[in-house]
Amino acid sequence: MENNLLNIESKKEYFIQTFGCQMNEEDSEKLCGMLNRQGYVQTENKEDASIIIFNTCCVRENAENKVFGNVGDLKKLKKKNKDLIIAICGCMMQQKGMADKVLEMFPYVDIIFGTHNSYKFPEYLARVKQSGVQVKEILNKEDKIVEGIPIERKSNVKAFVTVMYGCNNFCTYCVVPYVRGRERSRKPEDIENEIKDLVAKGYKEITLLGQNVNSYGKGLEPHITFADLLRRINKIEGLERIRFMTSHPKDLTDELIYAIRDCDKLCEQIHLPVQSGSSRILKEMNRHYDRDQYLKLVRKIKKEIPNVSISTDIIIGFPGETEEDFNDTLSLVKEVEYDSAFTFIYSRRNNTPADKMENQIPEEIKHDRFNRLLEVTNEIIAKKNSTFEGKTVEVLVEGPSKNDPDKLMGRTRDGRLVNFTGKTENIGELVNVKITKAHAFSLIGEEI
Ligand code: SAH
Ligand code: SF4
C-alpha cells in the first residue's frame, strides 16, 4: 500500500474529458481548479495521467455510447498502472441504475459521483488514495449551491459563469430535469463578484449559463429577474461583452428583449431553441408555445434588436412526427433564417414520457429528414454569412486559429467565428477585422 501511495504522489498529472454542454464544461473547469489546488497538472495524454476523469452527458444516446467506449479502453491502461485512478461523474451517472451498470461493466473504475456533489471530488480522491476502496456517491436531491470553488478556465479571454442550476420544464423528450434537479439561482452578488474577479484578471467576455436563464431569480429575496441581473452586470467596468444561454421561448419577456436592446455590453445574439416547427409536436413535447407564438416572438426580437443573430436547437423524428410536421419545421427554419442551428436526431431516453409514446419514428426516416433539414439550414447560414463579405466587424481575439496557425481566431459580437491575419499581441483585445471571404460556417478577414 505504501508503495502505491508513493507512486501516486510522484506522478501528479490528470487527464479530463468532458462530454456534452457548456454547463458540463464549466463543471469540469471546477474539477480542474480543485485538482490544480492540490498540485496536480493537466495532461492531454492519458498514458501520463495518474487520474483520468470522464465528465459525462446523457442527453442523447450517442453521448453515452462514447463514454462506454472510452471507459472500456482504459482496461489496458489500468492493467499497466495499478495506481491509476479512474473517476466518472456528470449527468449520465445521475441516471437511475447507471452507476451500478457502469461498475458492473467496468469494475476497475475507482470513483463515481453525480451532478450534485462534484465539489466533494477532492474528498473522494483522498478516500480512494488512503484506503484503495471504490467510492460511489450519487445524491438524489439537489445539494446547496456551493460558492468559491476554484476554477481553472480553458480560456483567459472569455469565461462561462453559471447563474442557475437545474430545470423545471420537463420537456417530454429530455432527461435534464431528472439529472440536474430543480431550478436554483445563484445570488446576484455572488455572480457579480465572480465576474468582477474575472475582469480584474483580464477577461473581456462572459457567457451566463442556465438551462432556462429566463427563470433566473425565482425564490431569491429580494426579487430579481434575469433582465435585472443583466442590467446590473452591464455596469461592471472593464467587461466588454455579455452573452447568455439558454432562453426558453415560453419565458422570454419583453423586459429581457429591451435589456438586450439597451445594454451596450449585451451581444446581439439570442439562442432560442424551437425544437419543432409543428404546433402539434410542440404540444407533445410539452414546450408551452406554438409555432405562431414562436414566430411572433422572433419578429419582435428582430424589430427591437437590429442585426440580431438568432440560433436554435431542433429535434428531428420526435414520436409521431409526420411528413407534414417535418415540413412545418422546414418552413419555420426558412422563415426565421437562423444564423446557426444545432440539429439533433431524436434519441429515446429512459423514463421520459416521450420514450413511452407510440409511433416512434424508424431510424431511416429520421436520418432522411435530418439530412434534408441540414441542407436547408446550411444553405441559409451560408447565405447569411455571405452578407458579411466586405464589411468590417468587431472581433474579440481569442488566440491562434485552429485550422491555420498563421492566422488568429475570434468571434464577432453576434457570435460568428472569424479566422484572420492580425497581430498576436492583440490576443485578448477587441480589434476591427475586414471580412474578405465568407465560408459556410466561418468568416475570413484581415485586421485593420
Ligand atoms: N435547456 C436547454 C438545452 C438542453 S439540452 C433548452 O431547453 O434549450 C440541449 C438540446 O439537446 C435541446 O435543446 C434539444 O434540442 C436536444 N435534446 C434534448 N433531449 C434530446 C433527445 N432526447 N433527443 C435528441 N435531442 C435532444
Ligand atoms: Fe430539457 Fe426542456 Fe429543460 Fe431544456 S427546458 S433542459 S430541453 S427539459
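Reply: In this predicted model, helix 4 spans residues 98-105, and its buried residues are M98, A99, V102 and L103. Buried means under 20% relative accessible area, exposed over 50% and partly exposed in between, with a 1.4 Å probe and protein chains only. Helices (H or I, at least four residues) and strands (E, at least two) are DSSP runs numbered from the N terminus.

Residues are numbered from 1 along each chain as written, and chains are lettered from A and ligands numbered from 1 in written order. Local features need pLDDT of at least 70 and side-chain atom pairs 80 or more, while totals for chains, interfaces and linings use all residues; side-chain values use heavy atoms, without hydrogens or water.

Now the rings. The structure holds 11 aromatic pairs (Phe, Tyr or six-membered Trp ring centres within 6.5 Å; planes under 30 degrees apart are stacked, over 60 edge-to-face, the rest tilted). F170 and Y178 are edge-to-face, at 5.3 Å between centres and 80 degrees between planes. F170 is partly exposed at 29% relative accessibility, as is Y178 at 40%. Y216 and F226 are also edge-to-face, at 6.4 Å and 65 degrees, and both are buried. Ring pairs also join F68, F106 and Y108 into a cluster.
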